[in-house]
Every structure is written in structure tokens, then in C-alpha cells.
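Reader: I am new to this structure and would like a close look at one part of it, the salt bridges. Please take me through them in one connected answer.

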Amino acid sequence: MSYLIYTPETPNERVYELKPGVNTIGRQIDNTIVLLEETVSRHHAQIHVTPNSVTIQDCRSSNHTFVNQVKVDICQLGEGDQVMCGTVPFKFVHNLTTSRFKQIDGKELLGDNFKQIPLPEIPDQLQNLVSQNSRSDSILKFNTDNSQQQPVNKLKILLEVSKQLCSPDEPDQLLHKILNLLFEIMGIDRAAILLVDDKSQQLEAKEVKSREYIHFSQEFYSRRIVNIAYKSGDAIISQDPKGDQRFHDSVSILLDGIQNCMCVPLKNHQETIGVLYVDNLSPLVRYTEEDLDFLTALANQAAAAIHLSRQFHNREQKLKQQVLELQIQIDESKKESEVAEIIEGDFFQNLQQRAEQIRKKNELS
């Protein structure tokens, strides 16, 4: 028998038994060995197993196949050879020792109708996915110029944002975190989160942020823009608000020199709870549909996080109030018990009798 060991001598080690005939390696689910790694092609390589030999053949993969650190097109494999598909390491062996079986204990062979797919174990940190500067054709700070890689980076960034927003922060702290993440990911000048106030039922700015070198007033955004986005439930993008007929009477656009802006509603599963607004003051910046799509996706995550944070905070406050009320009831009950104990005690009864005797004596005299 022959075996291919994925990431040997690591906690993520996985053993694949190579069957007679052709075994395929790649990202597509139809492969014999499926690897969801970026450096692995959809159909990366084939391993041919015959009674006399085992050979590996590269399938014109983007990141190539290596045997013992040498790039190969086709190569016969020997005991202990180190194989690399892109950057994914394997070790080829003909036999597995008892200790090797112990290392893979718990990894069950499910059968031909199932595939065990090792996932990348090291999460991408946000700082590794974004660059310091946005691209010339977008305000998104992707840390790659590869157009095929950018959609993957988008999903990874949104996943990382979701992970960072899932902690039960206080509502104010959460809003601050959302804008910090937004500025880290997108090349914008100013941003604001406006939420519907429970009492007034009007949009009110709950958190604002700008670049350090920009001086701005608390209400730098256009009321007209944010109200349209909130009431319609539609995302708004404008590359020239001053020339946009929808906002021709918006004083804030004229006074604040807004060149480009986007505004998207914050929607949870039940209602629209507010809007997320961003803008740029430079006439050189032009927002794209890609920018708006990404901002909308981020706003959906932010809305869900805000909704959950509010629910958590409200339940926490309600629980604290219930505990306080229960404590008051306990204190009142304790006082009543203590008073009853004093009144019913022998000392208090004797004191009452003496007081009654004194009162009668005073009446007679």
C-alpha cells in the first residue's frame, strides 16, 4: 500500500491512502484529495499507482508541483519523498508504522462517498489582508493586485470583521469598533453611524469618525441623504453630490464640500435600525459599485452585531433590575421578620406590660 501524508509531523496531519490507478489532487470537490488552499489549483496533480511504481504528474497547475524541493512535470515517488502542491506539504510513504496510526487516531475513513477536506488552520489577520493605501480604481484596501484573488480577500475580510464584531461589547464600544474597522479597510475621510432614537423615532448620530487631519462638525453628513437611505431602505452612492438633483437643496453638501458619498441602511431581520454613511472630500476619489457592494455587506454585519449587542445589553439591564427588586423584597421581608420577632419576644411583651402599668398608675393619680 502507498500513502500520502498531509502536513506531516504537525497537529493537522492527515493520511490519505492511495488507491490503485489514478488519484487526483486539487481544490475541486471531484478530486480524490480535496485541498481548500489558495495555492492549490482546481485540478493540481495526479498520482498514478501501479503494481511496480507510483508517479506524480503536474496538471499545469498555477503554483506547480515539487518533489524534494525540485519542480517536476512528472516524477516517480520513493519512500519518504517530500511533495509540495503549491505551498501544501506532503510526505510519500509505502508503509505506515504503528506510531503513525496513533498520530492519526480519530480521523476515520468514511468511505468512497465521503471526502475529508483539510481546511487552512491559520486564520488570516485583518492586517495581512489590507494594505495601507486603497487601489486607484477603488477605495478598498486589498493587499493584492491579483483580480482573481480579490474576491477571496473580500470574503476573508468580511469573515474577520464578523469574528471581531461577535463579542458582547457595550453598544457604544461596538459602534466605535465598527468605524475603526471601516477606516482600516476602506480609504474614506469621514464616517457616521446614525441610529433611530427610541423616543423621538428620528435618526441621530451615535458615532462619528474622521481622518486625523480633517476638522469637521458633529453633523457633517447630509440629512437629506441619510433620510432617503433610511426611508427607502436603498443604498445610495453619489460621485458628485453637488450636481445630483436629488440633493440640490442640501445645505450640508455645499458647506462641507462633500465630493463623494455613500449611505447604506442598517437592517436587521425585522426592521431598519439606522444608516451607515461615508464620504470623501477629495475630487480625485470616485466610488464604484464594488465599493458600495462591500459597504453594504459590511453594514449588514454591523446591523446584526448592533441588534445583538442591544438585546444583550437590555437583557443584562433587565436582569440587574430584577436582582435589585428581589434584593429589596428580601430586605423588606427580613425587616418584617425581625420586627415580628422583636414584638413577639418576652422582653417586648414585658416592656408592654410595664408601660401599661405605668399608664394606669398615672391615670389613678
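Author: D279 and R190 are both buried, a term for a relative accessible area under 20%, where exposed means over 50% and partly exposed in between (1.4 Å probe, protein chains only). This is a predicted model, in which local features need pLDDT of at least 70, side-chain atom pairs count only at pLDDT 80 or more, and totals for chains, interfaces and linings use all residues. Residues are numbered from 1 along each chain as its sequence is written, and side-chain values use heavy atoms, with hydrogens and water left out.

The side chains of D279 and R190 form a salt bridge, 3.0 Å from N to O. The pair ties together parts 89 residues apart in sequence, because D279 belongs to strand β16 (residues 272-280) and R190 to strand β12 (residues 190-196). Strands (E, at least two residues) are DSSP runs, numbered from the N terminus; helices are runs of H or I with at least four residues.

A salt bridge here is a side-chain nitrogen of Lys or Arg within 4 Å of a carboxyl oxygen of Asp or Glu. Searching the whole structure gives three of them.

K206 takes part in a network of salt bridges that links D197, E204 and K206. With D197, the side chain of K206 meets at 4.0 Å, N to O. With E204, the closest N and O atoms of K206's salt bridge are 3.6 Å apart. K206 is partly exposed, at a relative accessible area of 35%. E204 also counts as partly exposed, with 30% relative accessibility, whereas D197 is buried at 19%.
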